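Please read this briefing alongside the sequence and the structure, and look up each residue as it is named.

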Amino acid sequence: AAATSTPAVCAAAGLALGGGPLLALAGGLFGGALERRYGVRLARAPHVIADRTAAWLHPTTCASCGCVADFTVNELLATSALGVEENSLLCRACHPAPDDADNWCYLA
């Protein structure tokens with residue numbers, strides 16, 4: 001776990017940049033501050049980038065009309081209504097009860 005921590009990744013990057021042990025120490029301290037203060041986990045960056053790319057290439061759509069989720073105009077709501085595919089996402093226009101308090105809004 002230590003080899004994939006943010007301080008270790010930053011320290012290795014500092015050492016790889018040719019700064020020697022001083023830059024590696026500074027990178028480790030900087031990485032520790034990033035992880036502790038902001039929750040940044042650099043070891044997870046490839047997974048986050050892959051997930052964001054997949055969501056961009058294949059956006060989530062309404063199960064009924066196929067419109068793309070756009071939270072400024074068209075949000076998708078979870079549904080388990082009869083006659084609709086189990087646990088599907090529907091846009092506000094297709095959802096049988098869009099203003100019901102029990103609805104869950106899908107967040108990408």
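Two residues are said to be in contact when they have heavy atoms within 4.5 Å of each other. By that rule, among the contacts in the protein between residues at least 6 apart in sequence, 40% join residues that are at least 24 apart. The model is a predicted one, in which local features need pLDDT of at least 70 and side-chain atom pairs count only at pLDDT 80 or more, while totals for chains, interfaces and linings use all residues. Residues are numbered from 1 along each chain as its sequence is written, and side-chain values use heavy atoms, with hydrogens and water left out.

**The protein as a whole**

- The secondary structure comes to three helices and two strands, where helices (H or I, at least four residues) and strands (E, at least two) are DSSP runs numbered from the N terminus.
- Read from the N terminus on, these elements follow the order α-α-α-β-β.
- Of the 108 residues of the protein, 18% count as buried, a word that means under 20% relative accessible area, with exposed meaning over 50% and partly exposed lying in between (1.4 Å probe, protein chains only).
- The accessible surface, computed by the Shrake-Rupley method with a 1.4 Å probe, comes to about 7800 Å², and 62% of that surface belongs to carbon and sulfur atoms.

**The pair of helices H1 and H2**

- The axes of helix H1 (residues 6–16) and helix H2 (residues 20–38) come within 7 Å and cross at roughly 150 degrees, the axes being lines fitted to C-alpha atoms over the stretch in contact, with angles from 0 to 180 degrees between N-to-C directions.
- H1 and H2 are therefore roughly antiparallel to each other, since angles over 145 degrees are given that name.
- The contact is made by residues including Thr-6, Cys-10 and Leu-15 of H1, and by residues of H2 including Gly-20, Phe-30 and Glu-35.

- Cys-10, which is found in helix H1, is buried, with a relative accessible area of 11%.
- Leaving aside residues up to four places away in sequence, Cys-10 touches Gly-27, Gly-28, Phe-30, Gly-31 and Leu-42.
- Cys-10 and Phe-30 are 20 residues apart in sequence, and their C-alpha atoms are 7.3 Å apart in space.
- Ala-26 has its place in helix H2 and counts as partly exposed at 40% relative accessibility, while its C-alpha atom is separated by 8.5 Å from that of Cys-10, 16 residues away along the chain.
- Ala-93 is found in the segment after strand S2 (88–91), and with 76% relative accessibility Ala-93 counts as exposed.
- The C-alpha atoms of Ala-93 and Cys-62, 31 residues apart along the chain, are separated by 9.8 Å.

Conventions. Parallel < 35°, antiparallel > 145°, perpendicular 65-115°, else oblique.
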